[in-house]
Structure formats: C-alpha cells, structure tokens
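This report sets out selected computed features of one protein chain. The sequence and the structure are shown first, and the description follows.

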Amino acid sequence: MDTALVVGGTRFIGRHLVSELRDHDYDVTIFNRGNHDNPFAETEGVTHYEGDRSNETALERAKQEVEPDAVFDCVAYKPREVRAATEIFSDADAYVYISSGDAYGNEEIPKREGETELRPCTMEQATDDSGDTYGNRKAEGDRAIRAAADRGVNAYSVRPCIVYGPHDYTERLDYWIDRVANYDRVVVPGDGDNVWHRAYVEDVASALRVVAEEGTPGEAYNVGDRRVVTIDEMLELIADAMDTDLEIVHAGERELAAADLSPDDYVLYRDYPHVLDTDKLAALGWDSTPLSEAMAATVEEHLDSDRDGSEYDPGREAEERVLGVLDTL
C-alpha cells in the first residue's frame, strides 16, 4: 500500500495519522469540509480533497479521484456512515474505522476484543448526536465493520481509550497540565488511585497504520498506553516533564461537598477503572511510546498553545475551601 485517504485529517488524531503515513512513505489525501486550518497545506505528498463525509456522492468522487489503497475514517460518528463507507471503499486494501473504548458495554478489567460485550444501539440511538449515545453508535459501527468483512471487505476497527497528546482540542489533559503549571497544590478527587486508561495520540496513529497493514479483516483492536497509570502517577509525569515540584492533595466526597463539589466535577476521574487489553494489537508488532517521552511532548506543546482546559475547571476558589477543610483535619 502506498496511497491513503484520510477522512478528517487536520485536527487531533487525523493530524498525527497524516504525519505517521508520510513518515512511512504514503501519498496522502485529506478528505474534509475545509472548516479547520490545514497544517499540511505546504507539505509535499499531502493533498486536500474538499467534501462532506456525510455526502456519499462526495465520498464516491474522492474514491474515483484518489484511488486509495487504504482509507482511514477519523470522523465516522454514526453507523450509517460506516456502512456507506465500507460499500464505497469495498475494493480498498484496507478501510480502518476509528471506534472507541466507550463501545464496550460491560465494566470488566481489562476489556478485551471479542470477549467484553459491546453496548447495544437502538434505531433512535443510531441517529442521535448527543454524547450520551456516543459509545452506542461506535459499537454499532464496529458491528458494521464485522458485517462488511463477512462480505469480503478489508475492514478493520481500532478502539482507542482516552487519547492525549499535542493538539488535543478536547483540552481534557490540558486542565491537569495547567493546574500543575500554576499551583503548588493540586486537588485530586478520591485517593489518587483512579485509573482511566489513556492512549498517546502518536501511538493511536501508528496503530491505525499497523492494523491496515497487518490486521485481520473484521477484527477490532484496542489501543492504549502499554503501561497504565493512576491519576496521581499521571500528575507526577506532568510535574517531571515540567521539572517542577508538586503536592497532590486528595479530597474525598465529604471534603469536596463542603465546597459544593463532587469527584465527577473533575475531568479524567472515573470511579470504576477503565482498562483495555492491548495484547492483540501488540501481537501485530505495535508498541507504545514510553510514558515520560509521551508526556514531555504533550507538555511542551501545551505550553506553546493557548489551551488551558478551563471549561473543566471546578473553580479554584471552591478548591481553596476544600484545601482549608483538609488543612484543619
């Protein structure tokens, strides 16, 4: 394979995927509406085809124009989009769909492909646009991948957990980086042992390429850091990357309630651990970036950006009240 069509391609995962593909000598075409700045406008070997992925005619035209060996679908959010794309690109050497760890319906440790049950998806959920049905829609997309493979299509699914890294427009990790950068004492809900599996974005990009080249049609592949860390360990990695001292202050539900806060007010907090088994992907020859290296790159780009994760801020004044309560105990 030497030509790729990336549906999306200018923002987070897609942006890193284009770089990954170029690093491996693919000629890449980005297919999107052109609503965001194109970081590859001057990059040799990367072209842009403007179109709306929900418009099947536009996808057909892109296929005829590009004739891609591999198609990577970064922005398929509804099952019908996956079904349409697997029909349009049915003769491609690889069609890779980005699903999500949220597609899993059972709370198990770890969640394994082919073993852990996926979420159901009703007809109403399949056409919904809300975050409440995101996992349901991704799960139904996974089922569409399996059905396409049963028809002979080289279709694959990749399920990342929480993705972090440079250019993350969600700003979930930016909140915590900003806290470490600006405060000596950082409030963490619970006992600090909370585990929400994360995946470095460059590793997600390499996983997509490896699955296209080495995967088995119809299969899904989890992707996440090969070493899972707690929220405390994540903050320590951030502090190490900044070469700064950090005091982590744990606050239980009662202490948080004194300031009208709860653990759920903190981004990347999850009461029950969310861990994906990544052995299946590793068996294809994939590996993850060392955590210190991944966090250093993430922090460096954050400090050069204007992102601060403020939309997730529970309020520093409220946290100061929590700290006051804890200091009296």
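This is a predicted model: local features need pLDDT of at least 70, side-chain atom pairs count only at pLDDT 80 or more; totals for chains, interfaces and linings use all residues.

## Salt bridges

A salt bridge is taken here as a side-chain nitrogen of Lys or Arg within 4 Å of a carboxyl oxygen of Asp or Glu.

A second salt bridge, of 3.0 Å from N to O, is formed by the side chains of Arg 307 and Asp 174. Because Arg 307 is in the loop between α11 (291–303) and α12 (316–327) and Asp 174 is in helix α6 (residues 172–182), the pair ties together parts that are 133 residues apart in sequence. Both Arg 307 and Asp 174 are buried. Salt bridges with shared partners also connect Arg 179, Asp 313, Arg 316, Glu 319 and Glu 320 in one network.

A further pair consists of Asp 73 and Arg 53, whose side chains meet in a salt bridge at 2.6 Å, N to O. Asp 73 is part of strand β4 (residues 70–73) and Arg 53 is part of the loop between β3 (46–50) and α2 (56–66), so this bridge ties together parts that are 20 residues apart in sequence. Asp 73 and Arg 53 are both buried.

## Nonpolar cores

The largest nonpolar core comprises 76 residues, and those with the most contacts inside it are Phe 72, Leu 173, Trp 176, Leu 208, Met 234 and Ile 238. Helix α7 (residues 201–214) gives the most to this core, contributing 8 residues. Another core, of 21 residues, lies apart from it and includes Val 71, Val 82, Ala 85 and Tyr 97.

With neighbours within four places in sequence left aside, Phe 72 is in contact with Ala 4, Leu 5, Val 6, Val 7, Leu 17, Leu 21, Val 96, Leu 208, Arg 209 and Ala 212.

## Two loop positions

Ser 99 is found in the loop between β5 (94–98) and α4 (123–126). Its relative accessibility is 2%, so Ser 99 counts as buried. The side chains of Ser 99 and Asp 142 are joined by a polar contact of 2.9 Å. Beyond neighbours within four places in sequence, the contacts of Ser 99 include Tyr 134, Lys 138, Ser 157 and Arg 159.

Gly 215 lies in the loop between α7 and β10 (220–223) and, at 15% relative accessibility, is also buried. Gly 215 and Ala 283 are 68 residues apart in sequence, with a C-alpha to C-alpha distance of 9.8 Å in space. Neighbours within four places aside, Gly 215 is in contact with Tyr 156, Val 210, Tyr 221 and Leu 284.

## Annotated domain

An unreviewed UniProt entry places the feature "domain: NAD-dependent epimerase/dehydratase" at residues 4–224. In the model, the end C-alpha atoms of residues 4–224 are 24 Å apart, and the span is 35% helix and 20% strand.

Methods. Residues are numbered from 1 along each chain as its sequence is written. Side-chain values use heavy atoms; hydrogens and water are left out. Helices (H or I, at least four residues) and strands (E, at least two) are DSSP runs, numbered from the N terminus. Buried means under 20% relative accessible area, exposed over 50%, partly exposed in between (1.4 Å probe, protein chains only). A polar contact is a pair of N or O atoms within 3.5 Å; within protein, one must be able to donate a hydrogen and the other to accept it, and residues adjacent in sequence count only if both atoms are side-chain atoms. Contact means heavy atoms within 4.5 Å. A nonpolar core is a set of buried Ala, Val, Leu, Ile, Met, Phe, Trp, Tyr and Cys residues joined through side-chain atoms within 4.5 Å. UniProt positions are given in the numbering used here, feature names are shortened, and annotations may be inferred rather than shown by experiment.
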